[in-house]
Amino acid sequence: MSLFNIFDTAGTALNAQSLRLNTTSSNLANANSVSSSTGETYRARHPVFAPIMKQLGGDGSSIGVQVKGVVESQEPLRMEYNPQHPMANEEGYIFLPNVNVVEEMANMISASRSYQTNVEVMNSAKQMMMRTLSMGQ
Amino acid sequence: MPMNFDSVLGIHETALNLQAKRAELLGANLANSDTPGYKARDIDFRAALRDAQQLGGNAGPMQATSRRHMQPENYQMGAQVMYRQPLQPSLDGNTVESEVEMGAFSENAMRYMFSLQIVNGRLQKLITAFKGGQ
């Protein structure tokens, strides 16, 4: 029954969006994690979404979402001259993550809206199925 | 008025099937609202229902008579699945517009409920007839 496939598809989307929320929260949490060298500094992480082209069974009308991986941002790190800082290196510099807080907030809102939409879709599909099941009673 | 099970369901059996299919397509669109390069898809419900009614079960693409023939793609129950023209195209190639899809999904769900309601009403009538009005 094709209504069942909606749950699978929306489920993959919920999974992907919650992962996106997770990366966003870890980016925001580490926005001010200071370190003394470029190698140790936290870099912003972002998931890469892709459609699942070969859906298990079905006839290709339900395409879910998969997370291909999580990539680290290649933006330059922020360097700050602060010799008083305990983490400062020999030249007096500290390194701050390349997290763009504004971008992350926008990401967070987008992810939570998408999550809500998919929950709504699941609820509607559930209602449709329940009504179908109670037909003729 | 003679009444049998076929005439109880009538057009609504086809309609319910198509609407369930369309709900699946629109659900997939909404699931991929943030997937780069994803193209939103939909079926022309009116045309699909008309074809399904006129041609019975024979609507749709040319039939492949051998497994080695090219199989027709992009058809769901005789309805051609088409790509949506976006109102505001986005840079990442995604053509899903959440509000458009959500509107279509809700409308489709309402129509599904409507068809169900009618079938249910007819079934109730039949049940009443079976019981002799008791």
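Reply: Two residues are in contact if their C-beta atoms, placed from the backbone, lie within 7 Å. By that rule, 29 residues of chain A are in contact with 27 residues of chain B. This is a predicted model, in which local features need pLDDT of at least 70 and side-chain atom pairs count only at pLDDT 80 or more, while totals for chains, interfaces and linings use all residues. Residues are numbered from 1 along each chain as its sequence is written, and chains are lettered from A and ligands numbered from 1 in the order in which they are written.

Helices (H or I, at least four residues) and strands (E, at least two) are DSSP runs, numbered from the N terminus. On the side of chain A that touches chain B, helix H1 (2-29), strand E1 (45-51) and helix H2 (101-133) of chain A each supply at least two residues. H2(A) gives the most to this side, with 10 residues. Sorted by class, the side of chain A that touches chain B has 13 nonpolar, 14 polar and 2 charged residues. Here Ala, Val, Leu, Ile, Met, Phe, Trp, Tyr, Cys and Pro count as nonpolar, Asp, Glu, Lys and Arg as charged, and the others, Gly among them, as polar.

One helix pair can be followed in detail. H1(A) packs with helix H2 (residues 11-31) of chain B at an angle of about 5°, and their axes are 9 Å apart. Axes are lines fitted to C-alpha atoms, for helices over the stretch in contact, and angles run from 0 to 180 degrees between N-to-C directions. From H1(A), the residues making the contact include A:Leu3, A:Ile6 and A:Ala13; from H2(B), they include B:Lys21, B:Glu24 and B:Gly27. The contact of H1(A) with H2(B) has 8 nonpolar, 5 polar and 2 charged residues.

As for confidence, pLDDT is the predictor's confidence in each residue, from 0 to 100. Chain A has a mean pLDDT of 90, with 94% of its residues at 70 or more. Within chain A, confidence is highest in H2(A), at 94. Chain B averages 82, and 81% of its residues score at least 70. In chain B, strand E2 (residues 75-76) is lowest, at a mean of 61. The model scores ipTM 0.83 and pTM 0.83.
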